[in-house]
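Please look over the sequence and the three-dimensional structure shown below before reading on. The paragraphs after it may be followed with the structure in view.

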Amino acid sequence: ECKPCNCNGHATRCSFNTEAYIASGNVSGGICEDCMHNTQGKNCEQCKPLFFRDPLRPINDNYACRPCTCDKRGSLLNGACVGIE
């Protein structure tokens with residue numbers, strides 16, 4: 001049975017992925033495509049590198065991922081902001 005993808009309001013398209021379906025225990029195989037608002041991930045649930053999650057906004061908010069404003073030369077850990085600014 002087809003179910004709508006959960007893209008947290010950050011994508012308008014998704015596709016079915018068999019591997020993701022199996023990995024989820026046959027619950028969901030939907031993969032969001034072209035995540036917007038500086039998000040990424042299967043469900044557009046993560047912030048892109050050099051952006052951090054605003055703890056005061058829900059993930060479905062268009063401004064949930066805020067840009068890092070610290071010096072990029074010394075403030076990154078695995079491509080993500082270190083700490084909350």
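Predicted model: local features only at pLDDT ≥ 70, side-chain atom pairs only at ≥ 80, totals over all residues.

Residues are numbered from 1 along each chain as its sequence is written, and side-chain values use heavy atoms, with hydrogens and water left out.

The protein contains one helix and eight strands. Helices (H or I, at least four residues) and strands (E, at least two) are DSSP runs, numbered from the N terminus. Read from the N terminus on, the order of the elements is β-α-β-β-β-β-β-β-β. Of the 85 residues, 25% count as buried. Here buried stands for under 20% relative accessible area, exposed for over 50%, and partly exposed for values in between, with a 1.4 Å probe and protein chains only. The accessible surface of the protein is about 5,900 Å², and 53% of this surface belongs to carbon and sulfur atoms. Such areas come from the Shrake-Rupley method with a 1.4 Å probe; for residues, only the protein chains shown count as cover. Among contacts (heavy atoms within 4.5 Å) between residues at least 6 apart in sequence, 34% join residues at least 24 apart.

How many disulfides does the structure hold? There are four, a disulfide being a pair of cysteine sulfur atoms within 2.5 Å. One of them links Cys5 and Cys14, whose sulfur atoms are 2.0 Å apart. The torsion about the S-S bond of Cys5 and Cys14 is about 85 degrees, and therefore this disulfide is right-handed. Cys5 is partly exposed, with a relative accessible area of 26%, and Cys14 is partly exposed as well, at 36%.

Another disulfide joins Cys7 to Cys32, with 2.0 Å from S to S. Its torsion of -100 degrees about the S-S bond makes the link of Cys7 and Cys32 left-handed. Cys7 lies in the segment before strand S1 (13–16) and Cys32 lies in strand S2 (residues 30–33), so this pair ties together parts that are 25 residues apart in sequence. Both Cys7 and Cys32 are buried. A further disulfide is formed by Cys35 and Cys44, again with 2.0 Å from S to S. Because the torsion about the S-S bond of Cys35 and Cys44 is about -85 degrees, the disulfide is left-handed. Cys35 and Cys44 are both buried.

Most residues other than glycine have a negative phi. Asn8, although not a glycine, has a positive phi of about 55 degrees. Asn8 is placed in the segment before S1 and is buried, with a relative accessible area of 16%. Asp34 also has a positive phi, near 55 degrees, and is a residue other than glycine. Asp34 lies in the loop between S2 and strand S3 (39–40). Is Asp34 buried or exposed? With a relative accessible area of 56%, Asp34 is exposed.

Attention now turns to empty space. Rolling a probe the size of a water molecule over the atoms shows where such space is left. A pocket is found on a 1 Å grid over the protein atoms alone: it is an open set of points where a 1.4 Å probe fits, with protein on both sides within 12 Å along at least five of seven lines, and its lining residues have an atom within 4 Å of a point. The largest pocket has a volume of about 300 Å³, where volume is the space filled by probe spheres set on the points, which are joined across faces, edges and corners. Its lining consists of 17 residues, of which Lys3, Phe16, Ser28, Gly29 and Gly30 lie nearest the centre. S1 gives the largest share of the lining, three residues. The lining divides into seven nonpolar, seven polar and three charged residues. Ala, Val, Leu, Ile, Met, Phe, Trp, Tyr, Cys and Pro count as nonpolar, Asp, Glu, Lys and Arg as charged, and the others, Gly among them, as polar.

Phe16 lies in strand S1 and is exposed, with a relative accessible area of 55%. Apart from neighbours within four places in sequence, Phe16 is in contact with Tyr21 and Gly29. His37 is found in the loop between S2 and S3 and is partly exposed, at 26% relative accessible area. Not counting residues up to four places away in sequence, His37 touches Gly9, His10, Asn62 and Cys65.
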